[in-house]
Amino acid sequence: MPVNIVLQTARFGDLVQTTRLLRTLEGRGELHLVVERGLASLARLLFPAARVHALALYPPDEASLAESNAAVLRELKALSADAVYNCNFSPINAAVCRCFPRETVMGYRPAPGGTARSPWIRQVFRLTERRRETSLNLVDVWGHLAADPAPPDSVNPPARPGGRGIGVTLAGRESRRSLPMPILAQAVQTAFQALGGPPVYLLGSASEQPAARKLLRLLPPRMLSQVRDLSGKTDWPGLTEAVRGLDALLTPDTGIMHLAAHLGVPVYAFFLSSAWCHETGPYGAGHHVWQTDIACAPCLESAPCPREVACLPPFAGGAFLRSLVLTLRGEAAEPVLPGVRLWRSGLDALGTTFLSEGDPDAVARAALRRRLMEKLQLAEPRSESREEADWCARLTRETDWMLPPGRYC
Amino acid sequence: MADVSLKILVVLPMYGGSLPIGRHCVAALRDLGHSVQVFDAPRLYPAFTGLKELGLPPMSVGPLENSLLQVVGQAVWTHVECWRPDLVLALAQAPLNRLVLQRLKRAGVRTAMWFVEDHAVFDYWRAYAPLYDVFAVIQKEPFVSLLRDLGQPNAPYLPLAALPSFHRMPELSPEERAEYGAEISFLGAGYPNRRAAFRALADRDFKIWGSDWDGETALARNIQRGGARISAEESVKIYAAADINLNLHSSVFADKLVSGGDFVNPRTFELACMGAFQLTDRRRLMPELFAADELAVFDSMPECLSLIDHFAAHPEERAAFAARARARVLRDHTYQQRMRALLEYTAERLGPWPEDGRPASALESVPENMRASLPPLLAELGLPPDARFDDVTAALRALNGPVPEPGVRLLLLDEWRGLHGRKGRGA
């Protein structure tokens, strides 16, 4: 029986976004998943078909690093893996991948002096050079590390209200990507009214507890009996149960958002700053994202904002709240708001895509997806308009075909 | 100086006689405890030979070769950017172009060239010597003055040498003795003076090894393997199997068979280091390198022929010369000594090396609970017990196959340190 290993040592959200790759490999032999130790219990919960190996990547000192990981590394070496899917362009992963014969490592492969990327990963990196016009979900990036990945509609359940009320994610890892509490309070109150006053669950880690208290102070007193603050009070199973069956999750781009999509909870997300729904939007059909639509978006997470987070004020306006109400009620909402555009997720042969009526880059996005489908043999070649061909040509390099196309470099 | 361990990038030439010298420098620098990486330019040489085989008009090949050399230069620069060495050491003919040398200077990376060539034969030093911080040479005056006038004041005299761990007597099998054995042997390229000089030995038990002997019909019987190139590894077997190793320094002029030039060639040191007997032509810089009773020397070809007869009949004299020469090389003429001298000179002229306290050895720089697993790992990698942490991780990353588990832990530690901006405890 083939032995497949998936190496995903990044954060909560990244682990959940590895679902398509793991679904693909579930039926193809023995499946092992290597994660950071703090995420091991979540990994076991979400991916019961995989045997989870926990690496200690944040030990207090070097001795602990050596001691904690020796057994795991020995286990991994002993597996004699047929394929190792390395999801992260990370030096830590590169070190772990040295356990295995180089040619068995897919995605990011150790090479003398560094890490070499597969043709697919190189293509993905190239797309990120033109983020505004591209459309490729990270779940699909990792999913297509394996040949013939699981169909997109088998990855997550369809988004469907579960009757348990509203979840609210208090903040993401990057504060610039989250709504400030006064704006979030307006959105929560609006959603509460739109859905007829259901229970509301505040979700987050212990570090979000001050934000939760602030939000509670900002909500009208009549709502509070329906609001339950779960921030810092859930372990991974508890969080999963808290999210399961919700009618809606209001959230920035977070791990909890991906968990909700994983569980089929309809996501209503606010993407601003560096968050870009075409890359990391909730996976599956039926989710909604209000995405910042100003010239500088999406920006770089690591770069300071020279415009005082100009993408934030549009979320404070009445237009956004009206759009939220209509969308939550399943009514037609105007896609274009001042500084914001509403996107709805759908599926095609490549994976999850976000669509919005009047998208000025629709031609480029569609051409790109079509071209990727052809490259992955998910679609037959077809004629392209000059505009489509010109756009796709920017994503092609002579080295792609003049040199052996399957090479890692 | 001895306690400072430096990061040194050695840029090898793509071909030629300075290539094995470069490899010996690498070994010597590692022996001295430095962290050494190699820009292995010979790997790129097939691109140039391939270009010539395309049947393109020669006029168009030149610009293409130039373009390829630019790529090679960029690759050197990339290596420097990624590894940040304290010193870039180039051997003669190394593909370090003007642009890269200027970049290195701007980046504050020290550069040294060991120009192990005759300045009268290879004259590119006029264009490149001033671009290096240090330009070490195997000749003295007038070369050093010429360099100074050109704007290169840092031109230490650094004669050639031998590597005792490499240049030692090998065990030869009977088959090897049969193949390499001869009363007289010569290994080297077919320069005009050698061609003319050796014709007098054509009827003797005389084997000629090495390349560039094309068209030498008078010595056709003596030339081995049709003049194929001989590797450094094979050269020691040839030296070991001969009674008399003839060592005639090269000259492009055939009218003076024994040229009486200045510098002493690498073969002199290598044969001496091995304890192999050699008969060599006198050089002007020889007396300060070897005493009269350490090398058997001739000044003319008639004298050479006479000495051949003498030493062929007196094996005990051959052995005595060889033993004294070997002792001298081990004492004064190893690549380790040359590299130490070069680094000391560089520090003297350019200022001290950065003493940022890189850990003395991998063993000292890893946590206690990893130490027991290191010695077998180092042995498996062919590294000395006191190998530096950087050298061990570089060796692990260069492995083609899977890395042993203790090695993976070491790499994990290295990356973890990188992410957390930490250094080993030996730091």
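**View 1. Contacts along chain B.** Of the contacts in chain B between residues at least 6 apart in sequence, 64% join residues at least 24 apart; two residues are in contact if their C-beta atoms, placed from the backbone, lie within 7 Å. The model is predicted: local features need pLDDT of at least 70 and side-chain atom pairs count only at pLDDT 80 or more, while totals for chains, interfaces and linings use all residues. Residues are numbered from 1 along each chain as its sequence is written, and chains are lettered from A and ligands numbered from 1 in the order in which they are written.

**View 2. The overall form of chain B.** Chain B holds 18 helices and 10 strands; helices (H or I, at least four residues) and strands (E, at least two) are DSSP runs, numbered from the N terminus. With a radius of gyration of 23 Å, close to the 22 Å that the globule rule gives for 427 residues, chain B is as compact as a globular protein of that length. The radius is taken over C-alpha atoms, and the rule is 2.2 Å times the number of residues to the power 0.38. The C-alpha trace of chain B spans about 70 × 55 × 45 Å along its principal axes.

**View 3. Helices α17 and α18 of chain B.** Helix α17(B) (residues 389-398) packs against helix α18(B) (residues 405-420) at an angle of about 115°, and their axes are 10 Å apart. Axes are lines fitted to C-alpha atoms, for helices over the stretch in contact, and angles run from 0 to 180 degrees between N-to-C directions. From α17(B), V392(B), T393(B) and L396(B) meet G407(B), L410(B), L411(B) and D414(B) of α18(B). These contact residues divide into 4 nonpolar, 2 polar and 1 charged (Ala, Val, Leu, Ile, Met, Phe, Trp, Tyr, Cys and Pro count as nonpolar, Asp, Glu, Lys and Arg as charged, and the others, Gly among them, as polar).

**View 4. The contact of chain A with chain B.** Chain A gives 21 residues to this contact and chain B gives 23 residues. On the side of chain A, α4 (62-78) and α5 (91-97) each supply at least two residues, and the largest share, 10 residues, comes from α4(A).

**View 5. The two domains of chain A.** Domain 1 (3-117) and domain 2 (166-355) are assigned in chain A, with bounds from an automatic or database domain assignment. Their C-alpha centres lie 30 Å apart. Domain 1 of chain A brings 10 residues to the contact and domain 2 of chain A brings 8 residues.
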